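The following report describes a two-chain structure for a reader who works with computed models.

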Amino acid sequence: MAKIEAGMAGNVWKVLVKEGDQVTAGQEVVILESMKMEIPVSVEADGTVTKVHVQEGDFVNDSDIIVDVE
Amino acid sequence: MFSKILIANRGEIALRVIRTCQKLGIQTVAIYSEADAESIFVREANEAYCVGKPPVNQSYLNADEIIRVAKESQAEAVHPGYGLLSENAGFARKCMENGLVFIGPSPDIIASMGSKIEARKTMKEAGVPIIEGINTSLESEEEAKLAAEKIGYPLMLKASAGGGGIGMQLVNSEEELLKAFAGNKKRAESFFGDGAMFLEKYISEPHHIEVQILADTHGNVVPLWERECSIQRRNQKVVEEAPSPFINEETRSKMLDAAVKAAHHIGYSNAGTIEFLVDKEQNFYFLEMNTRLQVEHPVTEEITGLDLVEEQLKVAIGEKLSFTREDVNRNGHAIEVRIYAEDPKTFFPSPGKITEFQLPVGEGIRNECAIESGSQVTPFYDPMIGKLVAWGPTRGEACERIKNALENYKIEGIKTNIPMLIKTVSHEQFLSGYTTTQFVNEFYLPLLTSTK
């Protein structure tokens, strides 16, 4: 199982996937907003989203887990 | 003059306004969020009040709370700085309704220039050249497609309420337009609460050149020369200079005339900037008007010897401008670079704690900065942490001074764009004085791959 982490502190601007979704390597799953910039977070390998840990509007810190993919 | 003003901003610009107030004997009131409690601008103000939590919509954009603080601290006027509430007509109106002077133009002018579509129409009426394009809001992909066919590709798709490059994209074909439209419209809706989109013809080899004006409330408008701000990344300025090394005296004079005409036409007052795109034949076209002090105002101050914040305060209290167009100096050359807390290769922000910090000094060097060793750069605000300005009697000397100063800029703990700035100001294309908004793509980014 892969745990997708936030690359930096910021606000969760958009959650693009839900539990059960199939994702492919490189696909964006969450968009963070930090210092007035949108920062996409993508998955590194194909899989299925098993858990989404954040909601739009949440604040996350660097390396917080945001999505689990299996 | 005012005896006390509130500064509705943070960071280096709050400190910049405080400095002029100290010079003029005006008391200052700072407002800050919980994230900025330890900041220099909070300490330097005569009074400071926390107005909420770190996210801007809970603090620096909380108009009602800011106005409450202004009244309670008995400030007479509000300086909005740039960004945040500075171009918010509703805030300017609320200030007036509460008996506070808003240091800027009237709410109606802010609103009319805040809509890029409205501004295009107004400037056309004023006789200022605008870029070929459409002056109505595009509601659907279908409408955009039809409008695009009439003008011809390549085109710039833009959000009418946009700013900071958000909601703006270059499209080379119908396919790219269709792909870009919905996403940018949605982005404009969520960032600005207004999804109105329009199209402008793309100008090739565009130079971004803007004219600074000052206007009083007695109908006098004076241009303070121009600034060239072509070097940008993510559609945001990185290097600015005055005067422009590109345009000739004839173009300069025509651009200044156009800016004055525009300001007269709308009945402008206070400091403002009319931005133009200039093509390689030196034809210029209105881009937008910024109804506030600009980030890059120091380069104008360096060549004219004026203090723009002081002039803003004088205009706001009703004084007449004390000089005419002919009186304004154009002495030497000034260059400003914006220091961003970001990765110099990807331009992604780099928040964190600054462990070591020392500003460069030297002849003609000016720093606008509100951080120090131990400061925390938080993810809540713009990544710009300071500005470095170099003045020299010639452009060549200014280039040399800024490069030396950048090499002596000591900052540890976070990534900054300083390596990118050094490469930029020592690049032969920059030194030649011919820079376009494509500089970063054409000259800087290729440098990274070739030196690997």
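## A cis proline and the sheet beside it

Pro154(B) sits in the loop between H7 and E6 of chain B, where helices (H or I, at least four residues) and strands (E, at least two) are DSSP runs numbered from the N terminus. The peptide bond that leads from Tyr153(B) into Pro154(B) is cis, with omega near -5°. This is a predicted model, in which local features need pLDDT of at least 70 and side-chain atom pairs count only at pLDDT 80 or more, whereas totals for chains, interfaces and linings use all residues. Residues are numbered from 1 along each chain as its sequence is written, and chains are lettered from A and ligands numbered from 1 in the order in which they are written.

In chain B, three strands form an open antiparallel sheet in the order E7-E6-E8, two strands being paired if DSSP finds at least two bridges between them. Strand E7 (169-171) and strand E8 (197-201) of chain B are the edges, each with a single partner strand, so one side of each has no neighbour in the sheet. Neighbouring strands here are turned by 30° against each other on average, direction ignored, with axes taken as lines fitted to C-alpha atoms, for helices over the stretch in contact, and angles running from 0 to 180 degrees between N-to-C directions. Helix H7 (residues 141-151) of chain B packs on this sheet and touches E6 and E8 of chain B, its direction making about 15° with that of E8(B); contact requires C-beta atoms, placed from the backbone, to lie within 7 Å. Strand E6 (residues 155-159) of chain B is joined to E8(B) by five bridges in the antiparallel sense, and Leu157(B) has Leu199(B) as its bridge partner.

## Domains and nonpolar cores

Chain B is divided into domain 1 (4-103), domain 2 (132-201) and domain 3 (207-450), with bounds that come from an automatic or database domain assignment. The centres of domain 2 and domain 3 of chain B, taken over C-alpha atoms, are separated by 27 Å.

The largest nonpolar core has 116 residues, of which Leu6(B), Ala30(B), Val78(B), Ile213(B), Phe276(B) and Ile402(B) touch the most other members. Such a core is a set of buried Ala, Val, Leu, Ile, Met, Phe, Trp, Tyr and Cys residues joined through C-beta atoms within 7 Å, and a residue is buried if 20 or more other C-beta atoms lie within 10 Å of its own, exposed if 12 or fewer, and partly exposed in between, with C-beta atoms placed from the backbone. Helix H9 (residues 249-266) of chain B gives the largest share of this core, seven residues. Both domain 1 (4-103) and domain 3 (207-450) of chain B give residues to the core, so it lies between them. Apart from it lies another core, of 20 residues, including Ile134(B), Leu155(B), Ile166(B) and Val171(B).

## Strand E12 and its partners

Eight of the nine residues of strand E12 (residues 270-278) of chain B are buried, so this strand is largely enclosed by the rest of the structure. Strand E9 (residues 207-215) of chain B runs antiparallel to E12(B) and is joined to it by nine bridges, with Leu214(B) bridged to Ala271(B). E12(B) also pairs in the antiparallel sense with strand E13 (residues 284-290) of chain B, over six bridges, and here Phe276(B) has Phe286(B) as its bridge partner.

The hairpin of E12(B) and E13(B) has five residues between the strands, and within this hairpin Gln282(B) takes a positive phi near 70°.

## Loops with particular backbone geometry

Phe246(B) is placed in the loop between strand E11 (236-242) and H9 of chain B, and is partly exposed, with 19 other C-beta atoms within 10 Å. Leaving aside residues up to four places away in sequence, Phe246(B) touches His207(B), Glu228(B), Gly433(B) and Tyr434(B).

Glu205(B), in the loop between E8 and E9 of chain B, has a positive phi of about 45° although it is not a glycine.

## Chain A and the interface

In chain A, four strands form an open antiparallel sheet in the order E5-E4-E2-E7. Eight residues of chain B are in contact with eight residues of chain A.

Technical notes: Contact = placed C-beta atoms within 7 Å.
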